[in-house]
Amino acid sequence: MKILRVFSDLGDVTTTTYDQKGNKDKIKTEIGEYEIEYLGPGWREGELLFKVNGEIHRVYFDNGFIIIDDETLFKIDRISESVVEEGKSLEELIKGKEGEILSPMQGRIVQVRVKEGDIVNKGQPLLSIEAMKSETIISAPVSGTVQKIMIKPGQGVKKGDLLLIIK
Amino acid sequence: MPPFNKVLVANRGEIAVRVMKAIKEMGMKAVAVYSEADKYALHVKYADEAYYIGPAPALQSYLNIQAIIDAAEKARADAVHPGYGFLSENADFAEAVIKAGMTWIGPSVEAMRSIKSKLDGKRIAKMAGVPVSPGSDGPLESLDEALKLAEKIGYPIMVKAAFGGGGTGITRVDNPEQLQEVWERNKRLAYQAFGKADLYIEKAAVNPRHIEFQLIGDRHGNYVVAWERECTIQRRNQKLIEEAPSPALKMEDRERMFEPIIKFGQIIKYHTLGTFETVFSDVTRDFYFLELNKRLQVEHPVTELIFRIDLVKLQINLAADGYLPFTQEELNKRYRGHAIEYRINAEDPINDFTGSSGYVTYYKEPSGPGVRVDSGITAGSYVPPYYDSLVSKLIVYGENREYAIQAGIRALNDYKIGGIKTVIELYKWISRDEDFLKGKFTTAYVSEKREQFVKYLKAKEDMKAALAASIYERGYMKKATISTQQQQNTTRRTSGWKTYGIAAQSSYRVMW
């Protein structure tokens, strides 16, 4: 078994466990469990058939994108592999580092409401980011102490940038 | 003869492209303006001419009256179409256009000034005999004043920017603490977006529908109401899905509104397209006036489809003193079928609809029977973070609502956009939702359904990531790429066309 981190081109990261057994893959994520079986080529050139939890899906590739059932698409930016660390539970591995707050979007920091050393409660607003005419407030996902703030008001941030760390 | 020679479109994105299509069809030249962020945008490429008007932030470009007038003069345009948003309802801009000797495709400056803010609109609505919801009669000076009035009319209330539009600066407030919290923030946002920070409050209707009527008038005193658009499916007061006609209205409901709306138009001498926004209660079957939008609406295509008219061409003709080509009775007879518009926003519905900017790396547009796409993007387009997140509109038509939804689901499946997040997957879910199919919804629909659709969307994304991991780990993608490459190598680059006979035998030496 190994741990995979699937980075999509849109900046989403899905951590999964991955187990290959014969022609079947067993994959577990934070919210789902999948048994994926490759059934072989489809009826058309370039088409592949997969059985995911008993349901058959058609897949083809176009311009680096995985097109599923000719209806929805996914692009892998990269996939990284990590070894299973001893003593760590699967949940911990999948959820990633707790307390690291990443920017959910590209935008500009309007206001930072906390400073380093502050004690924050879960759900407390930490900062606000403005993008596309609207302001989004980022709240603390956990309670703890603000250990480090990486950004200043007025600064532009990209999606996935580390904003601050709560310990 | 086209009414003008050259029309400048003071806007960007899909609406600029949509308006330019009408301009081109009418045999006129279309002029675009663009900011630093839009250098390579579709509307710039589509125009006959394009002029740079300033840096990316809207205040310095698309809201910069002087820069746009300069561009119009440089281009020798003889008319200006403002689209929606930005300067479309700005009387100072209209005045500047007219002063520069060009025609303003929109309401007269006087009509705009008479309903400068949403509050003026409410006053005239009262005169015209339209019910309005209780609230402040003028802009509120201070937070204290707002708190006092809110206490009187009772929570929940809506805090609105008097000069706002497009749902910005509108916040629902349920208690005094919340009012204190949003007051300064909304003031700042209103100032940034519209240049004026005036706020007012009014009582919030509980779970209403949002229904708007299309008023059309000419300069010769003729008016019609091109029925209504149902715009109830919204989030954060911004519309997502609109349809015409409303599944909730009967003919007698809508006809009841025609007279007061036309009266409103007559009072302010309104002679172009205008949209009369109301809230409607399923229970009491009463309409309450919200505001008159003095511009072409984002969702105008649904009206175009059910009446088979082109509102932009009509708007341009009306600006050139044209007559309304139909009476109310004739228009009523033109009505056929049902149309739905899906606003394709670059937003992440899983993450509270946060905007998503970036390059469009994959783009396949739907087409076919009953499908219209008004798009501002194409493959390779950049979606900048500075402006509205609306990148395209999918409009579908069917002989009835059921058929329109069928066309909608098919077209949403065909619409594939990569590189940015969009609301397409959410719309697929909504289009299959029981309550939506029955037409049973209020403005709270999206927030009420949030938990359900977020769960569904997350599960779908998760499955896709898992499948991608499996494909990657087993190297299927690499294999597929190699096999297509080999295939390309075996086929000759040059055309397969062969010449036989005399042409093949002859050499250029002989020819010369």
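Two strands pair if DSSP finds at least two bridges between them. Keep that in mind as you work through these exercises on a predicted model.

**Exercise 1. How many bridges join β2 to β3 in chain B, and in which sense do the strands run?**

Step 1. Find strand β2 of chain B at residues 29-35. Its neighbour β3(B) covers 49-54.

Step 2. Count the bridges: 5 of them join β2(B) to β3(B), and the two strands run parallel. For one position to look at, take Tyr34(B), which stands opposite Tyr52(B) in β3(B).

Step 3. Now widen the view. The open sheet holding these strands has 5 members in the order β3-β2-β1-β4-β5 of chain B, with parallel pairing.

Step 4. Look at the ends of that order. β3 and β5 (103-104) of chain B each have a single partner strand, so one side of each is left without a neighbour in the sheet.

Step 5. α3 of chain B, residues 65-75, lies across β1, β2, β3 and β4 of chain B and runs at about 155° to β3(B).

**Exercise 2. What is the strand order of the open sheet of 3 strands in chain B, and which helix packs on that sheet?**

Step 1. Read the order as β7-β6-β8, with antiparallel pairing.

Step 2. Pick out the edges: β7 (171-173) and β8 (199-203) of chain B have one partner strand each, so each has one side without a neighbour in the sheet. From one strand to the next, the twist averages 30°.

Step 3. Check a pair. β6(B), residues 157-161, meets β7(B) over 3 bridges in the antiparallel sense; Ile157(B) has Val173(B) as its bridge partner.

Step 4. The helix is α7 of chain B (residues 143-153), which touches β6 and β8 of chain B. Its direction makes about 10° with that of β8(B).

**Exercise 3. How many residues of strand β21 in chain B are buried, and which strands pair with β21(B)?**

Step 1. Use the cut-off: a residue is buried if 20 or more other C-beta atoms lie within 10 Å of its own. By this test, 8 of the 9 residues of β21(B), which spans 390-398, are buried.

Step 2. Take β14 of chain B (residues 338-345). This strand is joined to β21(B) by 8 bridges and runs antiparallel to it. Here His338(B) is partnered with Gly398(B).

Step 3. Take β19 of chain B (residues 371-375). It pairs with β21(B) over 5 bridges, again in the antiparallel sense, and Ser375(B) has Ser392(B) as its bridge partner.

**Exercise 4. At what angle do helices α1 and α11 of chain B pack, and which residues meet?**

Step 1. Two packed helices are described by the angle between their axes and the distance between the axes.

Step 2. For α1(B) (13-25) and α11(B) (311-319), the angle is about 65° and the axes are 9 Å apart. The crossing is right-handed.

Step 3. Name the residues: Arg18(B), Val19(B) and Ala22(B) of α1(B) meet Val312(B), Lys313(B) and Ile316(B) of α11(B). Sorted by type, the contact has 4 nonpolar, no polar and 2 charged residues.

**Exercise 5. How many residues does each chain give to the contact between chain A and chain B?**

Step 1. Chain B gives 42 residues and chain A gives 42.

Step 2. On the side of chain B, the largest share comes from α16(B), with 15 residues.

Step 3. Sort that side by type, and you get 16 nonpolar, 14 polar and 12 charged residues.

Terms used
Residues are numbered from 1 along each chain as its sequence is written. Chains are lettered from A and ligands numbered from 1 in the order in which they are written. This is a predicted model: local features need pLDDT of at least 70, side-chain atom pairs count only at pLDDT 80 or more; totals for chains, interfaces and linings use all residues. Two residues are in contact if their C-beta atoms, placed from the backbone, lie within 7 Å. Helices (H or I, at least four residues) and strands (E, at least two) are DSSP runs, numbered from the N terminus. Ala, Val, Leu, Ile, Met, Phe, Trp, Tyr, Cys and Pro count as nonpolar, Asp, Glu, Lys and Arg as charged, and the others, Gly among them, as polar. Axes are lines fitted to C-alpha atoms, for helices over the stretch in contact, and angles run from 0 to 180 degrees between N-to-C directions. A crossing is left-handed if the near helix is turned anticlockwise from the far one by less than a right angle, and right-handed if clockwise. A residue is buried if 20 or more other C-beta atoms lie within 10 Å of its own, exposed if 12 or fewer, and partly exposed in between; C-beta atoms are placed from the backbone.
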